[in-house]
Amino acid sequence: MADQMRFTNKESDATVDNSTLTSLLHGLPGVDQVGLEGRAATLATRSIKKDSKIWAIDTAISMVDLTTLEGMDTDGKVRALCAKALHPDPTDPTCPAVAAVCVYGDLVATTRACVKDRVHVAAVATAFPSGRASMDVKLMDTKQAVADGADEIDMVIDRGAFLAGNYAKVFEEIVAVKEACGDAHLKVILETGELKTYDNVRRASWLAMQAGADFIKTSTGKVSPAATLPVTLLMLEAVRDFADQTGTRIGVKAAGGIKTSKDAIRYLVMVNETVGEDWLNPDMFRFGASTLLNDLLMQRQRMRDGHYSGPDYVTID
Amino acid sequence: MPFDYAPAPESRSIVDIESNYGLFIGGSFSEPTSGEFFKTINPATEEVLSEVAEAGQADVDAAVAAARRAYDKTWSKMSGKDRAKYIFRIARLIQERSRELAVLETLDNGKPIRESRDVDLPLVAAHFFYHAGWADKLEFAGYGPDPKSLGVAAQVIPWNFPLLMLAWKVAPALACGNTVVLKPAETTPLTALAFADICQQAGLPPGVVNIITGAGETGRMLVEHPDVDKVAFTGSTEVGKAIQRAVAGTKKKLTLELGGKAANIVFDDAPIDQAIEGIVNGIYFNQGHVCCAGSRLLLQESVADEALASLKRRLTTLRLGDPLDKNTDIGAINSSMQLSKIEELTASGEAEGAERWSPTCPIPDKGFWFPPTVFTNVTQAHRIAREEIFGPVLSVLTFRTPEEAVAKANNTPFGLSAGIWTEKGSRILWMANQMRAGIVWANTFNRFDPTSPFGGFKESGFGREGGVQGLGAYLNVEDPS
């Protein structure tokens, strides 16, 4: 199976033959829905207590891409979010900073000015969230965000092209956006809630990895369902297999719908038991979230103080 | 820093184990006439949990007599609707007390709490609920307009799923209007005795369910008792044959659910990640103490190396240890006797030239343990490919064509279960028709449901448990009068 999946050298040609891509992607092993969901459910029964919970909560905080992606976002909102990102718990200097602040492209400059180089600045680009714009617009969107100081770009794939079987179009877009990113890291959003089947998720993961993604990301957060345990498990299996075959480690970002510490810990357990320690750090695994952070902080305070202090003891942003 | 899971033990304070237990005969506990008791231990620590009565001939006679009285006077005369009330009540009590029963099962058996909590107990309750539903609908089960019960059922069950095997036996027997004398395995009597308490709590008429403890000799006396109408046994093929000889020429109706050596067949187009999970679940679930375990892995040769590498990687994440820890995947082997048997057979595997592999995993100092083990380069001629090991030991063989897979899968005296892994629906149907096995799973393994009949071909036994077919084992279907 592995040999059939091996892709041709991605560097060799930017224009790829759609039929070659199709036969490669359709040659990937299938996914049994019942089995995948069963495995995710079993892993979710792991019971993480005491020291392992303390470690997991701090690790989860350090993996958060603290996100605001609203039409009503302003400089003021973004500044507040940046302050929170740098000092999630102002009462406790041992609390780690989050991994990144994630905003729309026009707010990148404000964000960078606030956080300096202390956390990453991620910009959603390529006509997020629908991806329905011309290639020129998508590339401009990306270049502008990088010029303004983004060092991570979260792009969306063209789901329409993917579902129509036009894999070459999706591939070429990713290659082009990657080039436009320069040194910035590229996260490729698959929007699994619109791909619908697990077979599609595996194919889209391989397509994105092969086209040069540094991270593959579940969702925009604008489509339901966003990240789920089974979808993320499947993407972790894809990066594991890709690393086996190519030696290249790709990161995974679960975004949207992860609201509680319990959920976050379940994701970490899944990372731990699927791809292992190498992925248990902010360079290789991220949470795209906003409300999750405060729940992590409340749990962190509870573990530290032995009791809940409640929502008035964490800051709103 | 690696992600080490801190110990997360389930509290055992929820169970209250008595220092000794008598025999449950005629609705109450009584001392054995011999006055003899034997110890039951926690196989994970070798700690003595309790002492239970050793039933002798007089006790067996008393239990069968109590069951006969209850059958003649009460249970056979009661309407199906009223029987259902009792069985539903038992089902609800099992659900209410499921945490306690799960902890007790894990203590006495050694299986991980994750399995007793998430698999055994939900299935136990489901079996009682399902059969309670049948009690007043037997006329629609396809066994004639007014199917009759058999009488007194003698039931002997194994130690691998103590309470679940009790449920598989007791629930259909009661639903069909029979009364029961049940003997649990000598190493795992405690949940059956807790079930006796549930029968009292449910107000079940005295004598409808009798539970007698003891070893093989007690079981022999029970199945040979002349006033028994039905014998149901789950256990080894060797004992099953002895029972069949013993009941030959009597009026007793017999069902046997015996050993297995199931083939789990993985084709090159299988959903590979889920197939790996299915292999793991097939043979390492319940430490491989499963009669339908997928103990022979048949891999299509074109994907064998890759699948084995994935399997080994997955096995390194299995967590062996304290069965009460909620994160334990592999618990203790049930007894030192079973451990010796596994050790003897695995030694023969090595001696016969198969290649042995286990992940590195620390083994606790006390108790009975065996690491998850894989044998490669196994051929059909090896003992580990033919004999039931009943432990966490997988024998891996390869095949080239579907026909070869069928031939190898069926080339065994057993015929309990089989697994088929392929994305091709037509191949699943074709393979399922070729398998000489009572249960065929497609793209899954070790899935159980009370609506689905379970039972074997060939030396794996006969008769079915569960589903509408299972009711036939407790109804007089041959001689309606």
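A helix axis here is a line fitted to C-alpha atoms over the stretch in contact, and the angle between two axes runs from 0 to 180 degrees between N-to-C directions. Keep that in mind for a pair of helices in chain B. The model itself is predicted.

Start with helix α4 of chain B, residues 113-134, and helix α5 of chain B, residues 162-175. They pack at an angle of about 5 degrees. Their axes are 9 Å apart. Angles under 35 degrees count as roughly parallel, and α4(B) and α5(B) are therefore roughly parallel to each other.

Which residues make this contact? From α4(B) come B:Asp120, B:Leu123, B:Val124, B:His127, B:Phe128, B:His131, B:Ala132 and B:Trp134. From α5(B) come B:Leu163, B:Leu164, B:Ala167, B:Trp168, B:Ala171, B:Pro172 and B:Ala175. Sort them by class, and the contact of α4(B) with α5(B) has twelve nonpolar residues, two polar ones and one charged one.

Now step back to the whole of chain B.

Look inside the chain next. Of the 481 residues of chain B, 58% count as buried. Then consider the contacts between residues at least 6 apart in sequence. In chain B, 71% of these join residues at least 24 apart.

Chain B also touches chain A. The contact takes 26 residues from chain A and 24 residues from chain B. On the chain A side, three helices each supply at least two residues: α3 (33-43), α4 (50-62) and α13 (261-274). Which of the elements gives the most to this side? It is α4(A), with five residues. By class, the chain A side divides into eleven nonpolar, six polar and nine charged residues.

Finally, check the confidence for chain A. Its mean pLDDT is 95, and 95% of its residues reach 70 or more. Two stretches need care. Over residues 1-6 of chain A, pLDDT stays under 50, and the model has 13 contacts beyond four places in sequence for them. Over residues 8-13 of chain A, the pLDDT is below 50 too. That stretch has three contacts in the model beyond near neighbours in sequence.

Conventions. Residues are numbered from 1 along each chain as its sequence is written. Chains are lettered from A and ligands numbered from 1 in the order in which they are written. This is a predicted model: local features need pLDDT of at least 70, side-chain atom pairs count only at pLDDT 80 or more; totals for chains, interfaces and linings use all residues. A residue is buried if 20 or more other C-beta atoms lie within 10 Å of its own, exposed if 12 or fewer, and partly exposed in between; C-beta atoms are placed from the backbone. Two residues are in contact if their C-beta atoms, placed from the backbone, lie within 7 Å. Helices (H or I, at least four residues) and strands (E, at least two) are DSSP runs, numbered from the N terminus. Angles under 35 degrees count as roughly parallel, over 145 as roughly antiparallel, 65 to 115 as roughly perpendicular and the rest as oblique. Ala, Val, Leu, Ile, Met, Phe, Trp, Tyr, Cys and Pro count as nonpolar, Asp, Glu, Lys and Arg as charged, and the others, Gly among them, as polar. pLDDT is the predictor's confidence in each residue, from 0 to 100.
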